[in-house]
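Dear colleague,

I am passing on the structure we spoke about, and I would be glad if you looked it over before reading my notes.

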Amino acid sequence: MTKKIVFLDRESLDAKVREFNFPHEYVEYESTWSPEDTVERLKGAEIALINKVPMRADTLKQLPDLKLIAVAATGTDVVDKAAAKAQGITVVNIRNYAFNTVPEHVVGLMFALRRAIVPYANSVRRGDWAKSTQFCYFDYPIYDIAGSTLGIVGYGALGKSIAKRAEALGMKVIAYDVFPQEGLVDFETILTQSDVITLHVPLTPDTRNLIGAEQLAKMKKSAILINTARGGLVDEAALLDALKNGTIAGAGFDVVAQEPPKDGNILCEADLPNLIVTPHVAWASKEAMQILSDQLVDNVEAFVAGKPQNVVEG
């Protein structure tokens, strides 16, 4: 029996999607913005491939044929999982594909911020070096990576991969997770003892605004905050105030609360030397995207074969 598969936001994945190993009709759209388009395009489809297209209860109830939502990402906050479960729709995600690309992006942001690479490069472009009375100048503080403390919030596969890289750089690593593991510290210790804090937890009602004004005030003034997970984990207004007021030394974000920021975003628009914002590309090395694409197809094929894998519960 031929199954209809629809990829709603194909342009979000810059990799080859291989042929599925069962009879199928495959349709793809570069992007899908409205719930109305989502419903229209998924009519008669049993399998939806999405990355960031919202799949809320009102949308799902209009899709009686849908049996599988295969998310081309690890985070599944775009899907109303309770509504999907109630309707008998299985939700699957991608796991352990960004084991190099996200950690490398985190390390890149850490070096850029701790060593003030971006503001110094910009100052040279402005002509500041040519005006200097000495062979160098010290407009922006520089801190060593070696000997500093990295605090990891969320000590899963990505957190552990980052820890290995940090230790190789001579950093002390401390970690926090809600799931008990040997050697973890509490969240308070992460906040007060870390020179660099990096976030690797999903966005849930419990983690929304995990970092706000209160938490930022507990951090070292020389500390930096890195977020390559989800924008909603951090109160963006509080962060901007902390950066402007010197509460913390810097921040590197690959995510913001609303993506893309079509209605504007205070972090994206801020012209600060101690803030770096990249457009949610930490995951997007060519190698990682192909691993993701292959696992996406694997997930669909496993479901059709009656052996679903990477199922997201609740």
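This is a predicted model: local features need pLDDT of at least 70, side-chain atom pairs count only at pLDDT 80 or more; totals for chains, interfaces and linings use all residues.

Because its relative accessibility is 2%, and anything under 20% is taken as buried, Ala 163 counts as buried. Leaving aside residues up to four places away in sequence, Ala 163 touches Ile 152, Tyr 155 and Val 173. Ile 174 is 11 residues from Ala 163 in sequence, and the C-alpha atoms of the two are 8.5 Å apart in space.

I then turned to how α7 is placed against helix α4, which is made up of residues 101-114. The axes of these two helices come within 9 Å and cross at roughly 50°, and α4 and α7 are therefore oblique to each other. The crossing in which α4 passes α7 is right-handed. On the α4 side, Val 102, Pro 103, Glu 104, Val 106 and Val 107 take part in the contact, and they meet Leu 158, Ser 161, Ile 162 and Arg 165 of α7. Sorted by class, this contact has 6 nonpolar, 1 polar and 2 charged residues.

As for annotation, an unreviewed UniProt entry lists residues 107-282 as "domain: D-isomer specific 2-hydroxyacid dehydrogenase NAD-binding". In the model, that span is 35% helix and 14% strand, and its end C-alpha atoms lie 11 Å apart.

Key
Residues are numbered from 1 along each chain as its sequence is written. Side-chain values use heavy atoms; hydrogens and water are left out. Buried means under 20% relative accessible area, exposed over 50%, partly exposed in between (1.4 Å probe, protein chains only). Contact means heavy atoms within 4.5 Å. UniProt positions are given in the numbering used here, feature names are shortened, and annotations may be inferred rather than shown by experiment. Helices (H or I, at least four residues) and strands (E, at least two) are DSSP runs, numbered from the N terminus. Axes are lines fitted to C-alpha atoms, for helices over the stretch in contact, and angles run from 0 to 180 degrees between N-to-C directions. Angles under 35 degrees count as roughly parallel, over 145 as roughly antiparallel, 65 to 115 as roughly perpendicular and the rest as oblique. A crossing is left-handed if the near helix is turned anticlockwise from the far one by less than a right angle, and right-handed if clockwise. Ala, Val, Leu, Ile, Met, Phe, Trp, Tyr, Cys and Pro count as nonpolar, Asp, Glu, Lys and Arg as charged, and the others, Gly among them, as polar.
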